[in-house]
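Colleague: I would like a close look at a single part of this model. Please keep to what can be read from the atoms.

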Amino acid sequence: PVSTPPVLGMQNPNYEGPEDFLVLVIITTAVCALLNLMSLVFGVIAIVMAAMAINKKGVYDYPSAQRYSMLGVVLSICTIVWTGIITMVIIGSITGVVCQSRSYYYGYYSYYYYSYSSCG
């Protein structure tokens with residue numbers, strides 16, 4: 001006997017579709033935007049992808065909803081990585097300026113230098 005494939009969304013009436021991660025994406029974007037406004041580039045696109053996942057889930061297009069959902073999560077991870085890199089560069093720049101090593105030249109013909117760091 002030939003069976004017909006089940007219609008999307010009708011296999012299990014209790015199945016709500018794939019997770020959209022909208023709350024996670026919004027929280028990640030908000031926290032990263034507090035540290036670095038440039039992270040909004042990835043964050044806003046991630047929020048749009050999560051909203052598109054909700055839209056696709058509403059019309060029972062679960063494969064597209066899963067794809068948009070995962071794209072939103074990947075962009076949220078990119079937001080976290082971008083914020084971490086930029087924050088480390090900024091902190092490194094500040095501590096590099098503050099903790100810069102200073103050298104003093106002793107004697108007219110002497111090549112002896114005394115170096116110390118102001119940070120320890």
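Which residues make up the largest nonpolar core?

Modeller: This is a predicted model, so local features need pLDDT of at least 70, side-chain atom pairs count only at pLDDT 80 or more, and totals for chains, interfaces and linings use all residues. Residues are numbered from 1 along each chain as its sequence is written, and side-chain values use heavy atoms, with hydrogens and water left out.

The largest nonpolar core consists of five residues: Val 25, Ala 46, Met 49, Ala 50 and Leu 75. A nonpolar core here is a set of buried Ala, Val, Leu, Ile, Met, Phe, Trp, Tyr and Cys residues joined through side-chain atoms within 4.5 Å. Buried means under 20% relative accessible area, exposed over 50%, and partly exposed in between (1.4 Å probe, protein chains only). Helix H2, residues 40-58, gives the most to this core, with three residues; helices (H or I, at least four residues) are DSSP runs, numbered from the N terminus.

Leaving aside residues up to four places away in sequence, Val 25 touches Gly 43, Ala 46, Ile 47, Ala 50, Gly 72 and Ser 76, where contact means heavy atoms within 4.5 Å.

Val 25 belongs to H1, where Thr 28, Thr 29, Cys 32 and Ala 33 are buried along with Val 25. Seen down the axis of H1, the buried residues fall within an arc of 125 degrees, so they line one face of the helix; the arc is that of the directions from the helix axis to the C-beta atoms. On the other side of H1, Val 23, Ile 27 and Leu 34 are exposed.

How values were computed: Helices (H or I, at least four residues) and strands (E, at least two) are DSSP runs, numbered from the N terminus.
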